[in-house]
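Have the viewer open while you read.

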Amino acid sequence: MIELRPELPGNPGGAGQSGVRADLRATLAGRFRRIRSVTGALAARLTVEDQQVQSSPETSPVKWHLAHTSWFLERHVLERLVPGYRAYDDRYAYIFNDQASHGGTCLPAAQRGVLSRPSHDEVSRYRDHVNAAVLRLVMDCPDEAWTQVARLVELALQHEQQHQELVLADVKHALWSNPMQPAYQAPVPTPLQTSAGQSWFDHPGGLAAVGHEGPGFAFDFERPRHKVVVEPFRFAGRLVTCGEYMEFMEDGGYDTPSLWLADGWAAVQAGGWRSPLYWQKLGGLWHQFTLAGLKLVDEEEPVVHVSFFEAAAFARWAGKRLPTEVEWELVAEGRRRTGNLLEYGRLHPGTVACAGEGPWQLYGDAWEWTSSPMQPYPRYAPSDLAVGCYADLPPATDRVLRGGSCATPGDLVRATYRHHLGPTARWHFTGIRLAQDA
């Protein structure tokens with residue numbers, strides 16, 4: 001399990017706690033402490049040197065994540081809502097911002113690894129400063145400001161939880177890039193079991209509604225709820241396993257251009273892809289690097305660290321296709337949001353016995369590529385929460401992923417949540433679920 005190390009003051013508030021919203025203030029303050037502490041706990045397992053490494057242009061150093069999430073709170077909560085608040089360090093607006101949008105500038109993402117300063121200790125002091133200021137705001141703001149405070153703090157917390165998964169994905173890539181391939185954590189014992197054979201679930205399609213509405217937090221891109229017409233389809237009961245992906249590899253999957261989208265085949269050739277990321281053959285056997293170190297590939301586990309292009313090629317080889325994001329949401333809506341998520345602590349996909357009502361593995365284990373491009377929904381309009389990285393439209397080439405992975409905080413997973421990555425991304429915990437026309 002993830003160990004929560006207290007890094008926040010217990011009660012920075014004061015006279016403002018006696019209002020009608022005292023219970024709501026205490027609840028939000030507690031949630032703030034918990035989420036910020038999880039980020040600290042994830043980083044605490046690493047050395048200062050580990051936290052400085054940037055192993056590829058698409059990853060970021062852990063130290064940068066720690067500072068960026070604090071800067072996001074400072075810029076979009078404290079500077080907006082605390083009269084007279086002054087930034088901890090004006091230079092941070094350039095080096096810890098992640099968006100060069102609307103005429104602004106920021107350090108290019110690929111250069112985050114050059115930031116030997118501010119030091120690790122200074123970033124820790126920055127986090128402490130921001131933590132105390134946000135908690136004072138939560139506990140002491142006037143009642144009439146509460147709604148805006150609560151909404152912006154919740155946005156910042158969900159943003160931080162997105163970065164918790166990024167911390168683990170980036171750390172995994174950094175440790176794998178080290179020739180010593182050190183482990184992030186000790187293996188978590190899990191029961192041995194065999195994945196059941198693939199099963200299929202029929203959905204009648206028809207006129208349906210998708211997207212978020214009603215109470216509860218959601219990002220702007222999850223809204224508005226809207227109606228769609230869906231053809232009948234069949235949905236796979238579980239994720240594609242490593243053993244099934246090996247069959248694709250052994251059958252010449254990486255050597256058959258007709259299985260690949262044109263850009264995907266170009267990516268295979270340019271990257272020399274022959275297997276999922278982190279796989280290597282030793283003594284004639286496939287091994288994979290995990291956050292618990294190098295291990296034999298378990299053919300029963302879901303395959304992870306495959307790109308959209310690889311997922312689409314596998315689906316074509318199997319005579320199936322990837323689900324659309326609408327199909328995925330219709331299957332997942334109303335189902336329990338439980339699974340092998342960050343809180344479980346394994347940080348690696350697990351097998352599923354497929355017992356009880358399916359489909360299985362909808363939440364946790366691996367993000368599931370869909371065939372859908374990441375585009376705003378019809379009638380999309382940005383809200384007042386469209387700040388920072390949420391103020392811009394995603395790249396037109398990004399594809400939607402659904403469900404969450406073994407490194408996703410449980411607070412983030414819901415049927416409407418839309419994750420998105422570029423089609424060549426492999427360093428994330430990305431996997432495959434199949435679908436087909438009915």
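## The sheet

Strand 9 and strand 10 are antiparallel partners, held by three bridges. One place to look is V400, whose bridge partner in strand 10 is H420. Keep in mind that this is a predicted model.

Strand 9 (residues 399-402) also pairs with strand 8 (residues 367-373), again antiparallel and again over three bridges. Here P373 has R399 of strand 9 as its bridge partner. Zoom out and you get an open sheet of four strands in the order 10-9-8-11, with mixed pairing. Strand 10 (419-421) and strand 11 (430-431) sit at the edges with a single partner strand each, so one side of each has no neighbour in the sheet. As a reminder, strands in a sheet pair through backbone hydrogen bonds, in either a parallel or an antiparallel sense.

## Salt bridges

How many salt bridges does the structure hold? The count is 25.

Now for E213 and R225, whose side chains meet in a salt bridge at 3.9 Å, N to O. Both lie in the loop between strand 2 (206-210) and strand 3 (226-230), so the pair ties together parts twelve residues apart in sequence. E213 is exposed at 56% relative accessibility, whereas R225 is partly exposed at 22%.

R91 and D89 form another salt bridge, at 2.8 Å from N to O.

## Out on the surface

E247, E250, D251 and E299 make up a negative surface patch. Of these, E250 belongs to helix 6 (residues 242-250) and is exposed, with 65% relative accessible area.

T105 is another exposed residue, at 54% relative accessible area. You'll find T105 in the loop between helix 3 (92-95) and helix 4 (120-140). If you want a distance to check in the viewer, the C-alpha atoms of T105 and L341 are 35 Å apart, and the two residues are separated by 236 residues along the chain.

Note on methods:
Residues are numbered from 1 along each chain as its sequence is written. This is a predicted model: local features need pLDDT of at least 70, side-chain atom pairs count only at pLDDT 80 or more; totals for chains, interfaces and linings use all residues. Side-chain values use heavy atoms; hydrogens and water are left out. Patches are made of residues with over 30% relative accessible area and no salt bridge: like charges are joined within 9 Å, nonpolar side chains (Val, Leu, Ile, Met, Phe, Trp, Tyr) within 5 Å. Accessible areas come from the Shrake-Rupley method with a 1.4 Å probe; for residues, only the protein chains shown count as cover. A salt bridge is a side-chain nitrogen of Lys or Arg within 4 Å of a carboxyl oxygen of Asp or Glu. Lys and Arg count as positive and Asp and Glu as negative; His and the chain ends are not counted. The place of a charge is taken as NZ of Lys, CZ of Arg, CG of Asp or CD of Glu. Helices (H or I, at least four residues) and strands (E, at least two) are DSSP runs, numbered from the N terminus. Buried means under 20% relative accessible area, exposed over 50%, partly exposed in between (1.4 Å probe, protein chains only). Two strands pair if DSSP finds at least two bridges between them.
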